[in-house]
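I set down each item as I looked it up.

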Amino acid sequence: MLFNVYKNGNLTMVLRGSEDQCKKSGHPEYTYKEVTTIDNSVPYYDLHKYHKNLLLAKVNKIKVTTSSNKTFDGDEKSQDRMARAINIASISGQTETQWKLADNTIVMVTLDELKEALTLAGQEMSRIWLEQ
């Protein structure tokens, strides 16, 4: 849905999103009118993309600390690397591997530590994506 957003009777922007998203994104002094076309004379914002980008930024900052007090990066790429390392270790019979922690120190970590870090990071990512 498209909404023109007015402040003090003046068109200030166009928002794409649900009516709830639009009302949550503004201030009480804004009023909203549903429209079918975008007025190119004012800024346009897609609230769905904006909200998704905010969540992605939070996911990219995930850090998790295991019970052994090691802090791992927990963003999606780091989770992929952990899953791959866990998979390789289980195939090859390894029980530990070198790993670069969130503070860039390189340490030996156990397979169980990687599994714990991956689990914590996945849980935090799910929590972020399910935020309302």
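I began with T97 and looked up its bridge partner in β8, which is V109. The model I am reading is a predicted one. I then noted the strands themselves: β7 covers residues 96-100, β8 covers residues 106-110, and the two pair in the antiparallel sense over five bridges. I recorded that β7 and β8 form a hairpin, with five residues between them. In the turn I found N104 with a positive phi of about 75°.

Next I turned to the helices. I took the axis angle and the distance between the axes, since two packed helices are described by these. For α3 (residues 76-92) and α4 (residues 111-129), I read that the axes come within 10 Å and cross at roughly 145°. On the α3 side I listed E76, Q79, M82, A83, A85, I86 and A89. These meet L111, L114, K115, A117, L118, A121, G122 and M125 in α4. Sorted by class, the contact of α3 with α4 has 11 nonpolar, two polar and two charged residues.

My last entry concerns T66, which I located in the loop between β5 (63-65) and β6 (71-73). Is T66 buried or exposed? I noted a relative accessible area of 5% for T66, so I classed this residue as buried, the cut-off being under 20%. I found a polar contact of 2.9 Å between the side chains of T66 and S68. Leaving out residues up to four places away in sequence, I listed F72, E113, E116, A117 and L120 as touched by T66.

How values were computed: Residues are numbered from 1 along each chain as its sequence is written. This is a predicted model: local features need pLDDT of at least 70, side-chain atom pairs count only at pLDDT 80 or more; totals for chains, interfaces and linings use all residues. Side-chain values use heavy atoms; hydrogens and water are left out. Two strands pair if DSSP finds at least two bridges between them. Helices (H or I, at least four residues) and strands (E, at least two) are DSSP runs, numbered from the N terminus. Axes are lines fitted to C-alpha atoms, for helices over the stretch in contact, and angles run from 0 to 180 degrees between N-to-C directions. Contact means heavy atoms within 4.5 Å. Ala, Val, Leu, Ile, Met, Phe, Trp, Tyr, Cys and Pro count as nonpolar, Asp, Glu, Lys and Arg as charged, and the others, Gly among them, as polar. Buried means under 20% relative accessible area, exposed over 50%, partly exposed in between (1.4 Å probe, protein chains only). A polar contact is a pair of N or O atoms within 3.5 Å; within protein, one must be able to donate a hydrogen and the other to accept it, and residues adjacent in sequence count only if both atoms are side-chain atoms.
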